[in-house]
Amino acid sequence: MMKDSLISKINKLSNQFDKGVKISAKELTDVYNEVYNKEEKVVNCATCLRTKLFELQKTAEQYNRLTEEDKEFIDWVMTLPSEHFPSFDKVTEIYNRAFKQNKAVTNCLPCLKKMIAELIKLRQL
């Protein structure tokens with residue numbers, strides 16, 4: 001689960017970037033690797049670093065849109081047997097809030113599974 005300390009680090013890096021302060025490539029890469037469970041090497045390419053920062057910002061914003069109730073619901077969904085599915089309405093509501101979408105409630109099981117997978121992935125960061 002994404003820790004408050006990671007959100008704080010992302011916010012710190014974002015604030016530095018917004019103020020025109022040089023960001024530590026190592027610090028940014030360390031946070032990126034921790035959030036996405038990767039092992040990327042430190043690079044000094046400004047474009048690559050900006051891309052990583054913007055990806056982190058987007059993920060943090062999506063995560064911050066989840067309410068405590070949403071997080072509990074997603075945690076509960078992760079405990080369900082694979083042949084059971086939660087309320088399509090509730091999944092769509094949470095998905096739309098987290099990802100700033102406007103998807104209609106669907107009866108399409110593959111679409112529901114995809115939304116659930118994206119919410120679980122976001123929750124597990």
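How many nonpolar, polar and charged residues does the lining of the second largest pocket have, by class? By class, that lining has 7 nonpolar, 2 polar and 2 charged residues. Here Ala, Val, Leu, Ile, Met, Phe, Trp, Tyr, Cys and Pro count as nonpolar, Asp, Glu, Lys and Arg as charged, and the others, Gly among them, as polar.

This is a predicted model, in which local features need pLDDT of at least 70, side-chain atom pairs count only at pLDDT 80 or more, and totals for chains, interfaces and linings use all residues. Residues are numbered from 1 along each chain as its sequence is written, and side-chain values use heavy atoms, with hydrogens and water left out.

**Pockets**

- A pocket is an open set of points on a 1 Å grid over the protein atoms alone, with protein on both sides within 12 Å along at least five of seven lines; lining residues have an atom within 4 Å of a point.
- The second largest pocket has a volume of about 220 Å³, and its lining includes F17, V21, K22 and N44.
- Helix α3 gives the most to that lining, with 4 residues; helices are DSSP runs (H or I, at least four residues), numbered from the N terminus.
- The largest pocket has a volume of about 290 Å³, where a volume is the space filled by probe spheres set on grid points joined across faces, edges and corners.
- Among the residues lining the largest pocket are Y36, E55, K58, F99 and K121.
- Both α3 (46-64) and α6 (109-123) supply at least two residues of this lining, and the largest share, 4 residues, comes from α3.
- By class, the lining of the largest pocket has 4 nonpolar, 2 polar and 4 charged residues.

**Cavity**

- A search of the whole structure finds 1 cavity of 30 Å³ or more, a cavity being a set of points where a 1.4 Å probe fits but cannot get out.
- The largest cavity has a volume of about 40 Å³ and is lined by F73, I74, V77, V91, I116, L119 and I120.
- Its lining has 7 nonpolar, no polar and no charged residues.

**Helices α4 and α5**

- The axes of α4 (residues 68-79) and α5 (residues 88-99) come within 11 Å and cross at roughly 125°; axes are lines fitted to C-alpha atoms over the stretch in contact, with angles from 0 to 180 degrees between N-to-C directions.
- In α4, E69, D70, F73 and I74 meet K90, V91, I94 and R97 of α5, with contact meaning heavy atoms within 4.5 Å.
- The residues of this contact divide into 4 nonpolar, no polar and 4 charged.
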